[in-house]
Amino acid sequence: MLQSIIDFFAHISSGARAGILVGGIALFWIIESWAPLFHFSYQKGRHALLNIFFTLTTIVVNFLLAGLLLYVSNLTAERTFGIWWWLEIPLLAKLMVGLLLMDFIGAYCAHFAEHRMPLLWRFHAIHHMDKQVDTTTANRHHPVESVIRFLFTLLAVALIGAPMWLVMLYQSMSVVLSQFNHANITLPVWLEKSVGWFIVTPQMHKVHHHYKMPYTDTNYGNIFSVWDYLFRTHSKLPNDQLTYGLDVVFDRNEADLKDQMILPFHHTMTTGKGKD
């Protein structure tokens, strides 16, 4: 079975990758429409339009830069450089280590940096300005942020020496898990407690989208929650106390494409975040 997974992602087509992206959005869209956690007073389809536009720009950025991932992955293989090539452990264990480290460098570290570095925060703030967080919010990234996140993924591939099939597996998991943890749903308590120790759940990520500090700067994980527990960036907040958005830019129209595209470059754009 493991070899079948490797073979599939080693030769995964663009159509299959698109199917994973669209299939994930469709699945969680249906679930949250049927049993939403919050009943937003919004037109769900209209709200999705801007987020889907940013999803498309993310796809374009990653497509244009994909050759760099292939080049670096092949280079590390030729020179047997990176953690992947230095570990002498069973393939399944190596796979888990590889996924954990790809998620740590490519997602957790990238996300942490975007919240800590004012210049990067300017672009990441667009993601946080959505006041009705649902599964379409997952890929609401300014094109410049998409480039930033790609560079962190490239760094992960270089340090780990990740083969391309592992990169494809990681990116596919990242897409689906991001759609899952942004979805406007909640898990049964027993399921939340059991999987939340390892996988980032919607309940965990909702806190990250609360409009005020210190919660905005917690729960950075994308696939695996272990990094937030390990680095003590995990926090909790009851659902009835959650408010999405950002208090420092509450006067902006988060649904206006032009405003969202140019806002990071605006001289009045604050790089701070509200305090409790």
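Mentor: Let's start where helix α6 (residues 118-128) meets α7: their axes come within 8 Å and cross at roughly 115°. (Axes are lines fitted to C-alpha atoms, for helices over the stretch in contact, with angles from 0 to 180 degrees between N-to-C directions; helices are DSSP runs of H or I with at least four residues, strands are runs of E with at least two, and numbering starts at the N terminus.) That angle makes α6 roughly perpendicular to α7, a label for 65 to 115 degrees, with under 35 being roughly parallel, over 145 roughly antiparallel and the rest oblique. Bear in mind that this is a predicted model, where local features need pLDDT of at least 70 and side-chain atom pairs count only at pLDDT 80 or more, while totals for chains, interfaces and linings use all residues. Residues are numbered from 1 along each chain as its sequence is written, and side-chain values use heavy atoms, leaving out hydrogens and water.

The crossing of α6 with α7 is left-handed, meaning that the near helix is turned anticlockwise from the far one by less than a right angle; clockwise would be right-handed. On the α6 side, the contact (heavy atoms within 4.5 Å) uses Leu120, Phe123, His124 and His127, and α7 answers with Val144, Glu145, Ile148 and Arg149. By class that comes to 4 nonpolar, 2 polar and 2 charged residues. For the bookkeeping, Ala, Val, Leu, Ile, Met, Phe, Trp, Tyr, Cys and Pro are nonpolar, Asp, Glu, Lys and Arg are charged, and the others, Gly among them, are polar.

Now stay on α7 and look at its partner α3. Helix α3 (residues 44-78) and helix α7 (residues 143-160) pack at an angle of about 20°, with their axes 9 Å apart, and they are therefore roughly parallel to each other. This crossing is right-handed. The α3 side of the contact includes Phe54, Val61, Leu65, Leu68, Leu69 and Val72, while α7 brings in residues including Pro143, Val147, Phe150, Leu154 and Val157. The α3 and α7 contact residues divide into 13 nonpolar, 7 polar and no charged.

One more stop on α7 is Phe152. Skip its neighbours within four places in sequence, and Phe152 is in contact with Ile105, Gly106, Cys109, Ala110 and Ala113. Take Ala110: it is 42 residues from Phe152 in sequence, yet their C-alpha atoms are 6.0 Å apart.

Leu166 is buried, at a relative accessible area of 0% (under 20% is buried, over 50% exposed and in between partly exposed, with a 1.4 Å probe and protein chains only). Beyond its neighbours within four places in sequence, Leu166 is in contact with Trp84, Leu95, Gly98 and Leu99. Leu99 and Leu166 are 67 residues apart in sequence, but 7.5 Å apart from C-alpha to C-alpha.

Ile5, Ile6, Phe9 and Ala10 of α1 meet Trp165, Met168, Leu169 and Ser172 of α8. That contact has 7 nonpolar, 1 polar and no charged residues.

On to the rings. The whole structure holds 20 aromatic pairs, where Phe, Tyr or Trp rings (six-membered for Trp) have centres within 6.5 Å, and planes count as stacked under 30 degrees, edge-to-face over 60 and tilted otherwise. For Phe198 and Phe224 the centres are 5.0 Å apart and the planes at 55°, so that pair is tilted. Phe198 sits in the loop between α9 (189-195) and α10 (202-208) and Phe224 in the loop between α10 and α11 (226-230), so the pair ties together parts 26 residues apart in sequence. Phe224 is buried at 3% relative accessible area, whereas Phe198, at 35%, is partly exposed. Elsewhere, Phe104, Tyr108, Phe112, Tyr220, Trp227 and Phe231 form one aromatic cluster.

Most residues other than glycine have a negative phi, and most peptide bonds are trans. Met213 and Pro214 are joined by a cis peptide bond, with omega about 5°, and Pro214 lies in the loop between α10 and α11. Thr80 has a positive phi of about 45° without being a glycine; Thr80 lies in the loop between α3 and α4 (83-86) and is partly exposed at 44% relative accessibility. Arg232 has a positive phi too, near 55°. Arg232 is in the loop between α11 and α12 (257-262), and is exposed, with a relative accessible area of 79%.
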